[in-house]
Amino acid sequence: MKLHYCPQTRSFTALWMMEETGQPYELERVDIRAPGHPSEAYKKINPMGKVPGFTDGGNAMGETAAILLYVADKFPQTKLAPAPTDANRGRFLQWLMFSATTIEPVMVEKRTGAAPNSFQAGWGDYDRAMAALENALKPGPWLFGNQFTAADLYLGSSLGFGMRFGMVDKRPAFVEFAERASARPSFKRATEIEAREVAKK
Ligand SMILES: N[C@@H](CCC(=O)N[C@@H](CS)C(=O)NCC(=O)O)C(=O)O
């Protein structure tokens, strides 16, 4: 497995995921600011030319949610995704997608002050999304009790980022959830790798 990665970008979430699995992988640095980026070769990995990109044998993909799901399914022993036959699978998929489909757009709404149109917009609006998420995270410690999954990792990463940059309210349920997630050894390892990569710049 190879993670195509650029420090201090959204590709941190996939890096954290790779560390959470404990499986071997390569890290390939992509400079998203380099002239000529994205190359045609890189667009064969991520058609948008964005990071993260991910390759594994004949598989190539972009999109954090897709990478997390692929990796979680590849290593069922990590229990980072409920099995397709598990009663939690549907709810897991829904929350795994939520960062990409809903948190990202509502953060933009918050930052730009764009007028919400909750009924028509696929992501609803900021208040509606935050209320749904807070309700899901409140029981804790994770979405599915004591079982940490890729959906917790992605939400923890998105909430941490959103609260750091003032695009998500610091509600106690969010602060506590993000703190619990970032206390994981995998997060600390990913943070160290990121710091090393930043220093290489
Ligand atoms: N929907 C993508 C978003 C990826 C994304 O926007 N990556 C940014 C870095 S944070 C990027 O590659 N920007 C450079 C570019 O657009 O060329 C995901 O969640 O994986």
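## A first look at the fold

Among contacts in the protein chain between residues at least 6 apart in sequence, 57% join residues at least 24 apart; two residues are in contact if their C-beta atoms, placed from the backbone, lie within 7 Å. Before going on, please note that this is a predicted model, in which local features need pLDDT of at least 70, side-chain atom pairs count only at pLDDT 80 or more, and totals for chains, interfaces and linings use all residues. Residues are numbered from 1 along each chain as its sequence is written.

The protein chain has 8 helices and 4 strands, and from the N terminus on they run β-α-β-α-β-β-α-α-α-α-α-α. Helices (H or I, at least four residues) and strands (E, at least two) are DSSP runs, numbered from the N terminus. The radius of gyration of the protein chain is 17 Å, close to the 17 Å that the globule rule gives for 201 residues, so the chain is as compact as a globular protein of that length. That radius is taken over C-alpha atoms, and the rule is 2.2 Å times the number of residues to the power 0.38.

The 4 strands form an open sheet in the order 2-1-3-4, with mixed pairing; two strands pair if DSSP finds at least two bridges between them. Strand 2 (26–29) and strand 4 (59–62) stand at the edges with a single partner strand each, so one side of each has no neighbour in the sheet. On average, neighbouring strands of this sheet are turned by 20° against each other, direction ignored.

Here are two of the pairings:

| Strands | Direction | Bridges |
|---|---|---|
| Strand 1 (residues 2–5) and strand 3 (residues 53–56) | antiparallel | 3 bridges |
| Strand 3 and strand 4 | antiparallel | 4 bridges |

H4 stands opposite G53 in strand 3, while F54 has M61 in strand 4 as its bridge partner. Strand 3 and strand 4 form a hairpin with 2 residues between them, and G57 in the turn has a positive phi of about 55°.

Finally, a ligand. The residues around the ligand are T9, R10, I32, G49, K50, V51, P52, G62, E63, T64 and A100, where a residue counts as near if its C-beta atom, placed from the backbone, lies within 6 Å. This shell divides into 4 nonpolar, 4 polar and 3 charged residues. Ala, Val, Leu, Ile, Met, Phe, Trp, Tyr, Cys and Pro count as nonpolar, Asp, Glu, Lys and Arg as charged, and the others, Gly among them, as polar.

Key. Axes are lines fitted to C-alpha atoms, for helices over the stretch in contact, and angles run from 0 to 180 degrees between N-to-C directions.
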